[in-house]
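Student: I have this structure open and I'd like a close look at just one part of it. Could you pick a helix and walk me through its charged pairs and its neighbours?

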Amino acid sequence: MHGIDIIQASVASSATDFSLFSLFLQAHIVVKFVIFFLISASVWSWTIIIEKEALLRRTSRLMNEFEEGFWAGRSLEEFYRSLIHKPSYGMC
């Protein structure tokens, strides 16, 4: 039984913590820099994606409002006068 205890002790002492945080702390500085860069690029990309989605929704809503007003059946002069005081966003 003494041999089994030695094997169990050596296995227990050689067990490595494979959690992501532990692996990050044990990594070389270059690897840490690359991981930090990739996380930063991911956050930046998702920020742009969410911003563009919001822009597309807002532009779509404004286009629908314009189209509804255009086809409402009133004269184009009245429609133009109603649009003069609204801010112009363009088609971004």
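Tutor: Let's start with a pair: Arg 61 and Glu 65 both sit in helix H3, four residues apart, about one turn of the helix. Helices here are DSSP runs (H or I, at least four residues), numbered from the N terminus. Before going on, keep in mind that this is a predicted model, where local features need pLDDT of at least 70 and side-chain atom pairs count only at pLDDT 80 or more, while totals for chains, interfaces and linings use all residues. Residues are numbered from 1 along each chain as its sequence is written, and side-chain values use heavy atoms, with hydrogens and water left out.

Back to our pair: Arg 61 makes a salt bridge with Glu 65, and the closest N and O atoms are 3.3 Å apart. The term means a side-chain nitrogen of Lys or Arg within 4 Å of a carboxyl oxygen of Asp or Glu. Side chains of opposite charge can pair when their charged atoms come close. Arg 61 is partly exposed, at 44% relative accessible area, and Glu 65 is partly exposed too, at 42%. Here buried means under 20% relative accessible area, exposed over 50%, and partly exposed in between (1.4 Å probe, protein chains only).

Because Glu 53 and Arg 57 are four residues apart in helix H3, about one helical turn separates them. Glu 53 is partly exposed at 39%, whereas Arg 57 is exposed at 59%.

Ile 29, Val 30, Phe 33, Val 34, Phe 37 and Leu 38 form a nonpolar surface patch with about 630 Å² of accessible area together. A patch like this joins nonpolar side chains (Val, Leu, Ile, Met, Phe, Trp, Tyr) within 5 Å, using residues with over 30% relative accessible area and no salt bridge; like charges would be joined within 9 Å. One of its members, Val 30, is partly exposed at 49%.

At the other end, Phe 66, Gly 69 and Phe 70 of H3 meet Leu 76, Phe 79 and Leu 83 of H4, where contact means heavy atoms within 4.5 Å. Those contact residues divide into five nonpolar, one polar and no charged. H3 and H4 (residues 76-84) pack at an angle of about 150 degrees, with their axes 10 Å apart. Axes are lines fitted to C-alpha atoms, for helices over the stretch in contact, and angles run from 0 to 180 degrees between N-to-C directions.

Conventions: Areas by Shrake-Rupley, 256 points an atom, 1.4 Å probe, with all protein chains shown as cover. Helix = DSSP H or I, 4+ residues; strand = E, 2+ residues; numbered from the N terminus. Nonpolar A, V, L, I, M, F, W, Y, C, P; charged D, E, K, R; others polar.
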